[in-house]
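The following exercises concern the structure shown below. Each task is followed by a solution in steps.

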Amino acid sequence: MNMPSPTAAAPSALRRFFDGDVWYSFRNSPVAMLAAVIAFVCVFCAAFAPWVSPHNPFDLASLNLADARLPPAWAEDGQMRYLLGTDDQGRDILSALFYGARISLAVGMASVLLSVVAGVGLGLLAGFAGGKVDAFIMRVCDVMLSFPSILIALLIDGVGRALFPNAHDTLAFGVLIFAIALSGWVQYARTVRGSTMVERNKEYVQAARVIGVAPWRIMFRHVLPNVMGPVLVLATIQVAAAILTEATLSFLGVGVPPTSPSLGTLIRIGNDFLFSGEWWITIFPGVMLVLIALSVNLLGDWLRDALNPRLR
Amino acid sequence: MLAFVLRRLLQAVVVMLTVAFLAFMLFQYVGDPVTNLLGQDATQEQREQLRRDLGLDQPFPVQFARFVGNAVQGEFGLSLRQGRKVSTLIAERFPATLELALAAAVIALVVGVPLGVYAALRRGGFGSQVVMTLSLLGVSLPTFLIGILLILFFAVILKWLPSFGRGDTVALFGGSAWTTGLLTLDGWKHLVLPAITLSVFQLALILRLVRAEMLEVLRTDYVKFARARGLEDRAVYFGHALKNTLVPVITITGLQLGSLIAFAIITETVFQWPGMGFLFIQAVQFADVPVMAAYLCLIALIFVLVNLIVDLLYFAVDPRLRIERPAGGH
Amino acid sequence: MATAALLEVDHLRVEFPTRRGTLLALDDVSFSIDPGEVLGVVGESGAGKSLTGAAIIGLLEPPGRIAGGQIRLEGQRIDNLPYEKMRAIRGRKIGAIFQDPLTSLNPLYTIGRQLTETIQTHLPVSSEEARRRAIRLLQETGIPAAEQRIDQYPHQFSGGMRQRVVIALALAAEPKLIVADEPTTALDVSIQAQIISLLKRLCKEHGAAVMLVTHDMGVIAETCDRVAVMYAGRIAEIGPVHDVINVPAHPYTVGLMGSIPAMDEERERLAQIEGAMPRLTAIPRGCAFNPRCPRAMERCRQERPELMDAGATRSACWLVQDRKVST
């Protein structure tokens with residue numbers, strides 16, 4: 001038997017990832033790869049909107065009313081300068097898409113982040129503390145689960161509006177993100193609670209408690225890593241759902257403030273022009289929204305299958 | 001069995017009280033309850049009088065009890081936006097929403113369940129993959145966008161179907177108690193697009209659920225044993241597998257009915273369908289608290305009722321829940 | 001042998017294509033079962049016992065597939081039959097019993113329904129006749145008050161009772177061969193003996209042969225006429241049950257028998273076979289047992305031995321050929 005050479009290091013985490021099942025599954029799934037590419041492109045354009053966009057649609061000085069209502073470049077009367085056409089104020093649709101996607105993605109991701117933190121935290125608490133705390137949190141989960149997320153988001157938003165009628169824009173964003181987050185935290189709480197309860201009864205946890213390790217340390221160091229897989233899958237799918245919820249709220253007029261239009265707002269604005277035949281003002285933001293949601297959903301689906309040990 | 005029903009009823013009451021509490025908080029502390037009840041044009045005298053009548057100086061539990069008492073009778077005051085009684089407004093709009101939700105539920109079930117079964121049985125096949133991709137699309141398209149697209153195609157471009165409103169309605173039972181669009185051709189034409197729009201999300205969800213459940217069931221030992229006994233495919237799939245698949249599907253679908261009513265908010269807005277959802281949106285935009293509170297309570301009631309019925313249904317379908325003690329012997 | 005064998009398994013190979021290459025789960029397995037005989041198939045977990053049973057009834061889970069060899073029932077090949085023909089054979093010619101009686105029965109149907117359904121699928125009888133037969137079967141398996149209990153649901157029966165129902169179901173269409181995959185492993189020890197003797201008795205009465213798959217040598221000793229010892233997807237030794245137990249020829253069988261503690265022996269430690277059965281991805285060259293074998297020779301590491309005549313049994317071991325067999 002050879003002794004392992006002392007200088008050979010264990011493969012790095014990155015190396016192990018690329019050798020592992022998840023990466024293999026990814027490379028073998030053309031759908032997942034395509035979805036990842038699309039998602040990446042969208043996120044990139046959204047994040048770097050000011051640099052990627054040909055125009056800045058929110059700089060009022062640069063708008064030219066004479067260029068209003070132009071169809072996309074490939075149609076009659078279209079111009080190459082405004083690739084996807086313009087709206088009634090002369091704003092370039094393509095640029096508006098990127099800026100709008102930026103807002104949509106920002107709100108979506110922020111609310112999911114909040115959801116995850118709150119949900120995982122509460123789930124850990126419920127699973128670990130047990131007893132009345134657990135029962136109470138689960139009751140709340142049950143009640144919240146029976147309400148559809150859109151309704152919860154609408155209510156919070158409505159209440160926010162009523163409480164702060166002259167709110168600053170930032171506050172409006174805060175309320176919106178909070179509303180969407182509130183409608184989504186329950187799934188994480190439940191999943192994490194289940195796993196925590198399983199881990200809690202394991203001997204190494206009991207041993208740690210006997211030694212006197214603080215409970216929260218146990219929770220974070222041991223339970224959390226085991227739970228991150230399903231949480232990651234849930235979070236990915238939730239980002240798509242959050243983006244759609246935000247778009248819906250903005251479309252209904254109770255989402256982002258009108259000064260920072262998201263894709264939903266753009267669709268709402270464009271809706272008014274549908275009947276006069278200027279379809280591009282509403283359809284292109286719609287396509288962008290669907291692309292983002294679809295690619296993120298596909299990634300989430302693939303991730304769930306890749307991380308599911310039973311399907312391997 | 002009796003214990004189970006009682007326990008569920010108790011839970012239902014608890015939920016309703018919690019919701020009532022939230023609605024009460026809305027009513028009292030968001031905006032002015034006196035204005036909520038009297039509308040914005042009341043005089044100072046009327047306000048003073050009402051303040052005394054309402055006992056706004058009374059302790060909190062008393063006020064809450066009064067609120068609940070009123071709520072149970074359907075009394076939520078006047079709409080801030082329209083100045084009419086909230087209960088009247090909601091009563092007018094309820095049939096429209098209910099018809100829409102039911103139509104969408106029927107579409108979602110009739111299309112979703114068979115497609116889900118197909119996708120499970122023909123797993124990996126081309127048709128199945130197409131179905132699954134379409135279902136993913138269904139979950140990725142926001143409801144309002146589906147509505148807009150349908151309007152674009154069928155109303156603007158093809159001009160086959162109308163794009164807003166409910167069309168001609170007929171009042172049942174004499175008076176204006178319940179108006180229905182189901183008895184006129186025009187009503188049906190108006191119902192088609194909104195019902196499809198509302199059903200898409202549910203359809204995709206049901207499809208994926210049925211498929212997932214069926215795939216799980218197909219892996220069980222009893223299906224394996226059924227096959228090992230040489231039962232025909234039809235008996236194995238539609239006899240054994242399907243029945244076991246549908247049991248959890250029933251529960252989830254029942255719960256979805258409640259969320260359909262909520263999602264109707266969006267659909268009604270896009271199609272200007274005169275239902276409760278549209279009313280609610282206008283209330284949120286206007287910060288019309290009484291309407292919001294009333295809607296909240298009504299939705300909670302519907303949810304709780306639907307949950308209860310689904311639980312009872314589950315009981316009826318799954319024999320394991322019915323009998324408490326297994327017979328002994330080896 | 002006067003009568004022709006009922007089941008013949010001839011050089012059967014079962015493969016599993018995976019992303020790490022093709023795994024050979026069953027490698028050149030051959031044996032036969034005569035009508036009415038009880039053949040035990042014993043081995044550790046993962047040796048391939050259950051797979052053999054699955055291959056015989058035609059219910060290999062994909063991506064597993066039969067990659068070579070033949071399975072013949074009453075002289076006719078059944079491993080390459082189209083689905084419908086195989087379905088007709090399942091239940092009617094070959095019945096199966098699985099390990100867990102709780103999950104083998106559909107919880108939403110009465111056991112009567114499950115019984116009559118099976119009977120009517122294979123036999124041209126009326127519903128009344130099917131029900132009569134079902135009641136009779138339940139009575140034969142020792143279920144009291146069969147006429148009332150036939151309309152009950154599986155969860156209303158205890159574990160042992162359920163397995164009796166399962167046996168009744170397997171025998172419902174009067175098959176000639178029953179493949180029983182660990183039928184008592186999930187039951188209480190006190191009930192195991194009852195169920196096993198019931199199975200043996202009923203099969204004898206109905207004229208059915210049994211292929212009994214288990215890892216429990218005690219059950220084998222009590223019930224079987226012959227036994228096949230499997231190791232790493234191959235048969236190590238096969239022969240009449242008392243000979244395999246008392247005069248085993250293959251070192252693996254010797255090790256197995258030696259590891260069973262006897263009541264009348266005094267011992268300080270449990271005897272073990274050193275090492276562990278190799279994983280399917282790492283089966284050694286030559287004889288699969290050679291790394292653990294106390295009597296391995298150079299030849300064992302190079303060439304794989306076939307089943308050879310070793311006196312009372314047949315053993316896949318080069319020792320036989322060199323006549324170095326001793327217990």
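**Exercise 1. Burial and overall dimensions of chain C**

Of the 327 residues in chain C, 46% are buried, where buried requires 20 or more other C-beta atoms, placed from the backbone, within 10 Å of the residue's own. The model is predicted: local features need pLDDT of at least 70, side-chain atom pairs count only at pLDDT 80 or more, and totals for chains, interfaces and linings use all residues. Residues are numbered from 1 along each chain as its sequence is written, while chains are lettered from A and ligands numbered from 1 in the order in which they are written.

Task: Explain why chain C is as compact as a globular protein of its length.

Solution. 
1. Chain C contains 13 helices and 12 strands; these are DSSP runs, of H or I over at least four residues for helices and of E over at least two for strands, numbered from the N terminus.
2. Along the principal axes, the C-alpha atoms of chain C fill a box of roughly 65 × 50 × 45 Å.

**Exercise 2. A sheet in chain C**

Task: Determine the order of the four strands in the open sheet of chain C.

Solution. 
1. The order is 2-1-4-5, with antiparallel pairing; two strands pair if DSSP finds at least two bridges between them.
2. Strand 2 (21-33) and strand 5 (76-77) of chain C are the edge strands, each pairing on one side only.
3. Strand 4 (residues 65-73) of chain C is joined to strand 5 of chain C by two bridges in the antiparallel sense.
4. Within strand 5 of chain C, Arg77(C) stands opposite Arg72(C).

**Exercise 3. The interface of chains A and B**

Task: State how many residues of chain B are in contact with chain A, and classify them.

Solution. 
1. In chain B, 35 residues are in contact with 37 residues of chain A, contact being C-beta atoms, placed from the backbone, within 7 Å.
2. Helices of chain B that each supply at least two residues of this side include helix 1 (2-29) and helix 10 (233-271).
3. The side of chain B that touches chain A has 26 nonpolar, nine polar and no charged residues; Asp, Glu, Lys and Arg count as charged, Ala, Val, Leu, Ile, Met, Phe, Trp, Tyr, Cys and Pro as nonpolar, and the others, Gly among them, as polar.

Key:
Contact = placed C-beta atoms within 7 Å. Rg over C-alpha atoms; globule rule 2.2 N^0.38 Å. Buried ≥ 20, exposed ≤ 12 C-beta atoms within 10 Å, placed from the backbone.
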